[in-house]
Amino acid sequence: MEITIEHASPTDAAELLDHLKLVGGETDNLTFGAEGLPFSVEAETEYLAHMESSANNFMLLAKADGHIIGNASLSRLPRRMSHRGELAVAVAREYWGQGVGTRLMKEIIVLAEENAFEAVDLQVRSDNVRAVRLYEKLGFIRLFDYPDYFKINGVKHDVSFMTKKLK
Ligand SMILES: CC(C)(COP(=O)(O)OP(=O)(O)OC[C@H]1O[C@@H](n2cnc3c(N)ncnc32)[C@H](O)[C@@H]1OP(=O)(O)O)[C@@H](O)C(=O)NCCC(=O)NCCS
């Protein structure tokens, strides 16, 4: 099966929202659960269309046989932080351990470099060993752990703030 990485296009909106619901429900590692993100297909379509001509926001999709199985996003921070970008990545559980997360992260970091980002930041649940290892492998350092940053069904979890300097 061929797994490709490509820029999201407006026609991916509905499937991307479904993918986010899937990955949101598969672990408690994301900032949302099975409900996904509160965007309509129309709003997401518009957002992805806007991204096509943006040097600030990027969305990459991993597809297996044409279907979305992973995504990575890069968003420029505003104003005096605009030399920095925030990253997020999620792969459908069925496809874990096949290098998809690594490919998505490597490609989104290249996009950050090409678009003059000087650093990329991310937050990850401190007990999300798989993700932390992936980020450390790619040169991210753990700045600090923020106690109780997430609260999921009444239970609090520490979150690690990580960064990678690009320039
Ligand atoms: C974290 C995530 C993106 C990794 O995606 P993936 O496609 O499985 O990643 P890869 O196959 O490229 O493996 C990446 C690294 O994870 C680590 N890893 C893989 N399997 C592991 C395991 N069983 N235990 C610990 N670490 C493991 C390894 O360091 C691996 O790199 P290596 O194989 O070169 O050593 C994916 O698990 C995911 O989407 N999880 C749910 C959402 C999430 O946690 N997102 C991140 C939120 S900050």
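Select helix α1 (residues 13-26) and helix α2 (residues 41-51). In their contact, A13, A14, L16 and L17 of α1 meet V41, E44, T45 and L48 of α2; two residues are in contact if their C-beta atoms, placed from the backbone, lie within 7 Å. These residues divide into six nonpolar, one polar and one charged, where Ala, Val, Leu, Ile, Met, Phe, Trp, Tyr, Cys and Pro count as nonpolar, Asp, Glu, Lys and Arg as charged, and the others, Gly among them, as polar. Helices (H or I, at least four residues) and strands (E, at least two) are DSSP runs, numbered from the N terminus.

The model on display is predicted: local features need pLDDT of at least 70, side-chain atom pairs count only at pLDDT 80 or more, and totals for chains, interfaces and linings use all residues. Residues are numbered from 1 along each chain as its sequence is written.

Keep both helices selected and display their axes. α1 and α2 pack at an angle of about 110 degrees, with their axes 8 Å apart. Axes are lines fitted to C-alpha atoms, for helices over the stretch in contact, and angles run from 0 to 180 degrees between N-to-C directions. The pair is therefore roughly perpendicular, the class for 65 to 115 degrees; angles under 35 degrees count as roughly parallel, over 145 as roughly antiparallel, and the rest as oblique.

Next, display the sheet. Seven strands form an open, mixed sheet in the order β1-β2-β3-β4-β5-β7-β6, where two strands pair if DSSP finds at least two bridges between them. At the edges lie β1 (3-7) and β6 (141-152), each pairing on one side only. Neighbouring strands are turned by 25 degrees against each other on average, direction ignored. Helix α1 packs on this sheet, touching β3 (67-76) and β4 (84-91), and its direction makes about 95 degrees with that of β3.

Now step through the strand pairs.

- Select β2 (residues 57-64) and β3: eight bridges join these antiparallel strands, and L61 stands opposite N71 in β3. The two form a hairpin with two residues between them, and D65 in the turn has a positive phi of about 50 degrees.
- L74 stands opposite L87 in β4, and S73 has A88 as its bridge partner.
- Move to β5 (residues 119-125). Three bridges join β4 to β5, which run parallel; the bridge partner of R84 in β5 is A119.

Select helix α3 (residues 100-114) together with β4 and β5: the three make a right-handed β-α-β unit. A crossover is right-handed if, with the strands pointing away from the viewer, the path from the first strand over the helix to the second runs clockwise.

Finally, select the ligand. Of the 23 residues around the ligand, N29, W96, G101, T102 and R133 come nearest; a residue is near a molecule if its C-beta atom, placed from the backbone, lies within 6 Å of it. β4, α3, β5 and α4 (129-137) each give two or more residues to this shell, and α4 gives the most, with six. The shell divides into 12 nonpolar, eight polar and three charged residues.
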